[in-house]
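Subject: Structure handover

Hello,

Here is the structure I promised you. Please open it next to this email and follow along.

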Amino acid sequence: MLYFGSFNPIHKGHISLAEYVVERDLADQVILMISPQSPYKTHQQLAPEVSRYEMAEMACKGSKYPERIVPSVVEFLLPKPSYTIDTLRYLESNFGSQMQFSILMGGDQIERLDGWKEYERILEYPLYVYPRRGEKVDKFADRIRLLEDAPLLDFSSTEVRATIERGDDTARMLHPDVAKYIREKGLWSPAQRMATLNALLDDDKENIALLLERGQLHYRMNEWGAALNDFNAILRIEPQHAEARQLIDMVQDILAFRYTDLYNP
């Protein structure tokens with residue numbers, strides 16, 4: 001079973017789903033087809049392809065079935081951007097006499113499948129579709145097998161990246177080896193997010209959402225003065241902004257406590 005994705009980064013939800021496929025005997029092997037560049041994503045959003053492969057390799061080795069859940073670099077060898085139908089043709093041409101292929105995809109992907117290159121040809125393969133929590137899958141209902149009892153993915157790679165950028169704990173999301181790799185490589189770090197926010201605010205200095213996010217990031221990094229600057233900037237734009245006012249009070253309480261502690265050991 002071919003499980004296509006950017007895996008940017010791979011998380012516990014991906015592995016849980018692959019283990020489900022093995023345990024339900026839906027395929028002899030689950031291959032994580034790591035996309036070097038999706039037609040729906042810009043290259044700048046992606047970690048280096050080698051990094052994404054190495055993280056997937058760690059996560060697969062840490063799964064319950066490391067011999068049956070493995071990553072693939074096949075799409076790294078093909079022209080970019082990666083189109084599923086082109087990869088399928090390559091696999092059929094080179095391995096079709098040895099194995100049969102099925103495809104695993106999310107409900108959000110099947111809903112936009114008719115925008116994919118030669119999607120009618122993709123529908124000729126056995127398609128297994130997993131819905132996310134609260135998601136209803138109606139499209140191509142007679143052409144797919146809906147995995148209604150599949151483990152629910154309560155977070156996405158986008159949410160994982162945001163959690164890393166905020167400096168929050170990712171233990172429930174990532175295999176420990178993957179989390180360590182991300183820290184060592186500095187992928188999606190708070191510093192990297194800060195640089196992005198600075199650049200965005202250079203072009204849009206009164207964007208309240210960006211100011212709030214940057215101020216909160218300064219707060220988490222114990223950069224109290226910079227945090228106050230951003231929260232006060234919000235109040236100058238929107239004097240009644242309750243969250244900014246609350247955060248200012250919190251910073252001032254912290255500074256008052258530290259000031260008192262410093263002079264009264």
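Start at Glu165. Leaving aside residues up to four places away in sequence, Glu165 touches Trp188, Ser189, Pro190, Arg193 and Leu217. Glu165 sits in helix H6. Is Glu165 buried or exposed? Its relative accessible area is 17%. Buried means under 20%, so Glu165 is buried.

A word on confidence before you go on. This is a predicted model. The mean pLDDT of the protein is 90, and 94% of its residues reach 70 or more. Among the elements, strand S3 (residues 69-72) has the highest mean pLDDT, at 98. Helix H11 (residues 242-263) has the lowest, at 82.

Now look at helix H8, residues 190-203. Its 14 residues should span 20 Å at 1.5 Å a residue. The C-alpha atoms at its ends are 20 Å apart, so the two values agree. Arg193, Met194, Leu197 and Leu201 are buried in H8. Seen down the helix axis, the buried residues fall within an arc of 100 degrees, so they line one face of H8. They pack against helix H6 (157-166) and helix H9 (208-220). Ala191, Asp202 and Asp203 are on the other side of H8, and they are exposed.

Next, the charged pairs. Side chains of opposite charge can pair when their charged atoms come close. The structure holds twelve salt bridges. These are some to find:

- Arg24 and Asp149: the closest N and O atoms are 3.6 Å apart. Arg24 is in the loop between helix H1 and strand S2, and Asp149 is in the loop between strand S6 and H6, so the pair ties together parts 125 residues apart in sequence. Arg24 is partly exposed, at 41% relative accessible area. Asp149 is partly exposed too, at 47%.
- Asp230 and Arg214: their side chains meet at 2.8 Å, N to O. Asp230 is in helix H10 and Arg214 in helix H9, 16 residues apart, and the pair links distant parts of the chain. Both residues are buried.
- Arg121 and Glu124: this salt bridge is 2.9 Å, N to O. Arg121 is partly exposed at 31% relative accessibility. Glu124 counts as exposed, at 55%.

Salt bridges also form a network here. Which residues does it link? They are Asp86, Arg89, Lys117 and Glu118.

Best wishes

Methods
Residues are numbered from 1 along each chain as its sequence is written. This is a predicted model: local features need pLDDT of at least 70, side-chain atom pairs count only at pLDDT 80 or more; totals for chains, interfaces and linings use all residues. Side-chain values use heavy atoms; hydrogens and water are left out. Helices (H or I, at least four residues) and strands (E, at least two) are DSSP runs, numbered from the N terminus. The expected span of a helix is 1.5 Å times one less than its number of residues. Buried means under 20% relative accessible area, exposed over 50%, partly exposed in between (1.4 Å probe, protein chains only). The arc is that of the directions from the helix axis to the C-beta atoms. Contact means heavy atoms within 4.5 Å. pLDDT is the predictor's confidence in each residue, from 0 to 100. A salt bridge is a side-chain nitrogen of Lys or Arg within 4 Å of a carboxyl oxygen of Asp or Glu.
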